[in-house]
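Visitor: Please take a close look at one part of this structure, the aromatic pairs. I would like one connected account of how they are placed.

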Amino acid sequence: MAALTRRAVPRWAAAALRPMSAARPGPPVTPPSPQLGSAGPRRVKIVEVGPRDGLQNEQAVVPTEVKIRFIDMLSETGLPVIEATSFVSPKWVPQMADHAEVLKGIEKFPGVSYPVLIPNLKGFQAAVTAGAREVSIFGAASELFSKKNINCSIDESLQRFSEVMEAARAANIPVRGYVSCVLGCPYEGKIAPAKVAEVAKKMYAMGCYEISLGDTIGVGTPGSMKEMLSAVMKEVPLGALAVHCHDTYGQALANTLVALQMGVSVVDSSVSGLGGCPYAQGASGNVATEDLVYMLDGLGIHTGVDLQKLMDVGAFICKALNRRSNSKVAQATCRL
Amino acid sequence: MGTVPSALKHCLSYQHLLREQLWSGEPPPAQEYQKSELPEYVKIIEVGPRDGLQNEKVIVPTDIKIELINQLAKAGLPVIEVTSFVSSKWVPQMADHTEVMRGIERHPGVRYPVLTPNLRGFHSAISAGATEVSVFGAASESFSKRNINCSIEESIERFEEVAKLARNMNIPVRGYVSCALGCPYEGNIKPVKVAEVSKRLYSMGCYEISLADTIGVGTPGSMKRMLEAVMKEIPLTALAVHCHDTYGQALANILTAMQMGVSVVDSAVAGLGGCPYAKGATGNVATEDVIYMLNGLGINTGVNLYKVIEAGNFICTALSRKTNSKVAQASSVFEL
């Protein structure tokens with residue numbers, strides 16, 4: 001691994017976590033013993049991707065003020081990281097056309113980080129101008145996916161990002177890296193764990209402080225998750241790894257559990273399980289934050305998130321989108 | 001994640017990838033993960049026709065029930081819970097128990113247990129041709145009183161009569177313990193209580209004890225603690241888990257149970273059967289989603305997932321409802 005220059009650490013790491021409220025819904029309370037064995041984390045950082053990955057894959061375009069209110073409500077739940085928007089061309093992603101207004105309009109809670117997705121240097125500059133203090137970039141573990149998605153090879157995409165990394169370093173802006181298709185690709189099928197490890201390593205070496213491993217089409221199962229993580233952990237420190245599981249085949253929480261058992265302590269999710277799968281129309285996509293928090297609460301793992309407040313936000317955004325929640329916890333708790 | 005192209009329906013690689021996951025049930029190549037931690041074979045107990053339909057509002061005609069059970073048998077499911085010999089006053093869906101029992105095809109190698117709450121039900125079941133029965137106790141006094149109008153002790157005495165007669169007639173008896181991870185009336189349930197009730201059922205002659213998370217509140221931590229207590233009293237090979245997916249925790253809980261050596265799992269095709277304690281919420285975990293996970297782990301089940309999906313589609317059409325199985329939802333896109 002290349003020698004590391006000082007990399008920017010996001011503000012959330014320095015701030016205190018919020019206390020959970022006393023009376024809250026949730027599973028039968030468990031004592032905070034290490035139930036996942038010696039490798040299991042005591043705390044998990046949840047990266048909320050609902051406003052970006054979630055909304056991006058929803059049909060109904062949400063008005064700017066609703067997005068802002070949505071993010072402000074999420075900030076009050078105790079979530080430490082909320083991916084606010086994406087500085088990509090509105091031609092590709094109309095839902096994110098109001099990226100600058102959203103970023104400028106949200107309340108920036110102390111101790112909460114609001115990363116934004118950027119595809120290139122231009123997007124980075126626009127993001128910084130709009131007040132971004134953290135950004136995310138995405139690579140893929142599949143050549144075909146990279147070509148079909150962003151019209152270039154994996155190496156070319158990483159090349160593009162190196163200019164972003166330089167600019168980000170100069171501006172002291174942390175960069176989070178995503179790797180797509182880590183457990184399967186809609187075009188290539190099976191993906192070799194070694195390939196995922198290679199791409200993750202490159203992105204980490206470029207200066208990303210964290211690498212989020214995405215099961216983009218949700219085909220992974222605990223076995224393939226374990227195999228992939230074993231390969232990646234040889235190249236990237238455990239503390240810098242996150243998992244981003246999709247629930248398209250109902251496997252997300254089981255896959256996340258295995259990742260936790262291996263020591264991963266950062267998990268991406270989307271409130272209400274927003275965002276269907278673009279590769280399986282009608283199927284679900286992101287795992288629901290409520291269901292994830294329910295599991296973590298039951299395991300006695302600290303997240304800092306208030307589940308009741310989270311469910312309220314879920315109810316709010318589902319109403320705005322005129323759709324049912326994909327969260328089972330929300331479905332079970334709301335008497336219909 | 002990132003910018004995404006629109007849904008692609010006929011991507012050959014994706015279909016190929018899914019086919020690898022949805023394989024037809026031949027023994028898979030053993031994987032390292034599976035060999036070291038998990039059972040090589042898991043027996044699936046299909047409870048859709050009983051536990052599933054029992055909790056569905058729409059009354060299903062007898063011939064449809066029979067067809068469903070026949071399709072499930074052809075899919076390779078080794079045990080299919082056919083019906084329940086309870087009073088039709090309590091469970092109108094099961095009023096045709098005798099006709100169903102007599103009408104189904106009896107595939108060699110497939111077992112067809114039926115629920116019998118007492119001696120009277122047992123006699124009716126035998127007259128109708130049953131060759132295996134199930135009885136259900138609860139780990140919660142309140143649940144027992146509200147559900148079957150008697151204490152746990154009284155219910156055990158009733159079951160002992162059934163078990164004694166069954167033993168004389170060489171009829172195997174399976175025991176269920178409800179509320180193993182939580183009760184809608186009492187809340188938390190002590191693992192030692194679950195162990196105690198399990199032991200009573202096992203001692204009276206039940207060959208297998210199915211530990212049921214009746215309201216789906218369990219999480220991997222509470223599952224582990226409960227199993228640790230029960231495993232002190234009952235041999236591992238006689239244990240099964242019956243997880244409800246009301247809070248989305250079922251697969252994670254099942255995985256945890258398998259990691260502890262449990263190799264019998266109850267599930268319901270299409271995730272039939274809502275939760276009677278949380279209106280609009282889901283209940284049973286979907287057989288398709290369980291098998292998808294087991295296939296991915298290289299665990300043998302003998303079940304053809306495609307055929308289960310078809311059976312699920314069949315019954316959902318009859319019930320005029322959408323499937324609760326994520327695998328079925330996602331697979332329908334690719335016309336697999």
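Guide: Start with Phe143(B). This is a predicted model, and in it Phe143(B) has a relative accessible area of 4%, so the residue is buried. Its partner is Tyr185(B). The two ring centres lie 6.3 Å apart. Their planes meet at 40 degrees, so the pair counts as tilted. Tyr185(B) has 34% relative accessibility and therefore counts as partly exposed; the cut-off for buried is under 20%.

Over all chains, the structure holds four aromatic pairs. Another of them is formed by Tyr294(A) and Tyr247(B). That pair is stacked, with 4.8 Å centre to centre and 15 degrees between the planes. It crosses between chains. Tyr294(A) belongs to helix H10 (residues 289–298) of chain A. Tyr247(B) lies in the loop between strand S7 (239–243) and H11 of chain B. Both Tyr294(A) and Tyr247(B) are buried.

The largest cavity holds about 230 Å³ of space. Among the residues closest to its centre are Asp245(B) and Gly248(B). Helix H11 (250–259) of chain B and helix H9 (252–261) of chain A each give two or more residues to its lining. That lining divides into eight nonpolar, seven polar and six charged residues.

Note on methods:
Residues are numbered from 1 along each chain as its sequence is written. Chains are lettered from A and ligands numbered from 1 in the order in which they are written. This is a predicted model: local features need pLDDT of at least 70, side-chain atom pairs count only at pLDDT 80 or more; totals for chains, interfaces and linings use all residues. Side-chain values use heavy atoms; hydrogens and water are left out. On a 1 Å grid over the protein atoms alone, a cavity is a set of points where a 1.4 Å probe fits but cannot get out, and a pocket is an open set with protein on both sides within 12 Å along at least five of seven lines; lining residues have an atom within 4 Å of a point. Grid points are joined across faces, edges and corners, and a volume is the space filled by probe spheres set on the points. Helices (H or I, at least four residues) and strands (E, at least two) are DSSP runs, numbered from the N terminus. Ala, Val, Leu, Ile, Met, Phe, Trp, Tyr, Cys and Pro count as nonpolar, Asp, Glu, Lys and Arg as charged, and the others, Gly among them, as polar. Rings of Phe, Tyr and Trp (its six-membered ring) pair if their centres lie within 6.5 Å; planes under 30 degrees apart count as stacked, over 60 as edge-to-face and the rest as tilted. Buried means under 20% relative accessible area, exposed over 50%, partly exposed in between (1.4 Å probe, protein chains only).
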